Number of protein chains: 2
Amino acid sequence: MTNDATSSLTRPQTGNAPASEPIPRRTLHDELLQRLRQMIVNGELNPGQKVPEKDLCARFGVSRTPLREALKVLANDGLVTLTPNRGAMVADLTLGDLEEAFPVMGALEALSGEMACANITDEEVAEIKRLHKAMVAHYEARELQSYFHVNQEIHQLILAAARNQTLTSAYRGLEGRIREARYLANMSTSRWTRAVEEHEQMISALEARDGAALAAILKSHLANKFETVKEALLSRVAD
Amino acid sequence: MTNDATSSLTRPQTGNAPASEPIPRRTLHDELLQRLRQMIVNGELNPGQKVPEKDLCARFGVSRTPLREALKVLANDGLVTLTPNRGAMVADLTLGDLEEAFPVMGALEALSGEMACANITDEEVAEIKRLHKAMVAHYEARELQSYFHVNQEIHQLILAAARNQTLTSAYRGLEGRIREARYLANMSTSRWTRAVEEHEQMISALEARDGAALAAILKSHLANKFETVKEALLSRVAD
DNA sequence: GTTTTGGATATTGAATTCATAATTCACTTT
DNA sequence: AAAGTGAATTATGAATTCAATATCCAAAAC
């Protein structure tokens, strides 16, 4: 039997928890779900690529049972496509999917802006401003990856400030599908500049707790983002 | 071994398909997923109730493997709660969950109204009007179940007219959680009357293809619905 | 009488096994 | 040589088996 458990998943994670707390036990299924999701979203697994169960089992050092459970969930979330008797492939985002997702995310994004303005604390605004400055620095240095990363963090904070877990998970679900194609995005300079400007406006609206304004800005900012993803998508077709 | 396959799932469904078409083959997992979802949403399985795998296996006449796959997906959708080593129970909707879901559904509902106005055909409007009349008849006869059913159909048609699958599934996901508590709702007469009035307005807005108006009506109609569910929820606590 | 502890029982998590459908590839036929 | 056919191989769908955890119940300690 060729089951090298070298890269196998570790369960307990002991060592850093505050002495006596409900010991965090996770099932393999849950752990796999998280890892696979991240691999897809980070582009380690390419859209359209077939994912044979055997390979993944070998990679994670687990049996097929928990792996398949995870795949079913990912399929339900639209991250992989499951064809009966023919296995799984990483779902690829079509232009149609993108155009469908856009208005839905717009509605959620707008809502998150309004609710964030109603609930955000001064400390959170300060934190966002701090991140914003870091982001601008990355922009000026033309560090795209770092820029994306900080940008991502800012949006997460706004979402968190909306204090609505349902909204957060609905948004994350859609966002995951988009980011799948995102890692290969290469923003044009003009679009990038505009994105940074929009972020400036976001900060102002947040400080003023102007929900309607923030909602509007987020919505148009999102349109910008979608254009970028769309271009990435089209350029990939031309491969 | 006590495996009575009397209620077992049937696979092929032959007989009614148009001669030679891609034969519809479904996996047990998928079939189970659909059935369990329906059982939860229809209230055949009560919120908070434990669902031992063994029982469900016996009921459907399948092994644990596909059943557990389905449960994992349902857990991901928030319809069941899975505790490691302790099994599954039907998720129960707290007041907090409800209050979180409300603004999110409101945003999606508004969007569906706007998009439906942009895309709906005259035929679809006519169909909705037909259903509306049937619904009013049920209202006058005080047939709550039938009323709910037709009401449901009308909202589905509006959603379908929005021509956005992403929106549809996002909405359905949230709606499922709500309907879970819905089957025990017992509308007050005044609220019921108001709901019917709102439906009248919906029809007008649809005929005029007035997206903004429809969005607004749907949103306030939703608030009405939420009040009803909330009351049902609170009355259950008093059991 | 109440609480605690130990073990029997049952249930779940995950691996393995078995069955079936899809894919591959050599071979036949033209 | 190209296309089609069919057996061998491989991958998936589902059942079964094994192991670990939780639950239940009785006996012991206080």
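A polar contact is a pair of N or O atoms within 3.5 Å; within protein, one must be able to donate a hydrogen and the other to accept it, and residues adjacent in sequence count only if both atoms are side-chain atoms. This is a predicted model, in which local features need pLDDT of at least 70, side-chain atom pairs count only at pLDDT 80 or more, and totals for chains, interfaces and linings use all residues. Residues are numbered from 1 along each chain as its sequence is written, chains are lettered from A and ligands numbered from 1 in the order in which they are written, and side-chain values use heavy atoms, leaving out hydrogens and water.

Start with A:Arg209. This residue sits in the loop between α8 (189-207) and α9 (211-237) of chain A. Helices are DSSP runs (H or I, at least four residues) and strands are too (E, at least two), numbered from the N terminus. The side chain of A:Arg209 reaches the backbone oxygen of A:Ile120 at 3.5 Å. A:Cys117 lies 92 residues away from A:Arg209 in sequence, but 4.7 Å away in space, C-alpha to C-alpha.

Now turn to B:Glu198. Its place is in helix α8 (residues 189-207) of chain B. Its side chain makes a polar contact with the side chain of B:His221 at 2.7 Å. Contact alone means heavy atoms within 4.5 Å. Leaving aside neighbours within four places in sequence, B:Glu198 is in contact with B:Ile217, B:Ser220, B:His221 and B:Asn224.

The table gives the exposure of both. Buried means under 20% relative accessible area, exposed over 50%, and partly exposed in between (1.4 Å probe, protein chains only).

| Residue | Relative accessibility | Class |
|---|---|---|
| A:Arg209 | 29% | partly exposed |
| B:Glu198 | 4% | buried |

**The nonpolar cores**

A nonpolar core is a set of buried Ala, Val, Leu, Ile, Met, Phe, Trp, Tyr and Cys residues joined through side-chain atoms within 4.5 Å. The largest one has 40 residues, and A:Leu36 and B:Leu36 touch the most other members. Helices α1 (28-41), α2 (53-60) and α3 (64-76) and strand β2 (87-90), in chain A and in chain B, each supply at least two residues of this core. A second, separate core holds 38 residues, among them A:Ala101, A:Val104, A:Met115 and A:Ile178.
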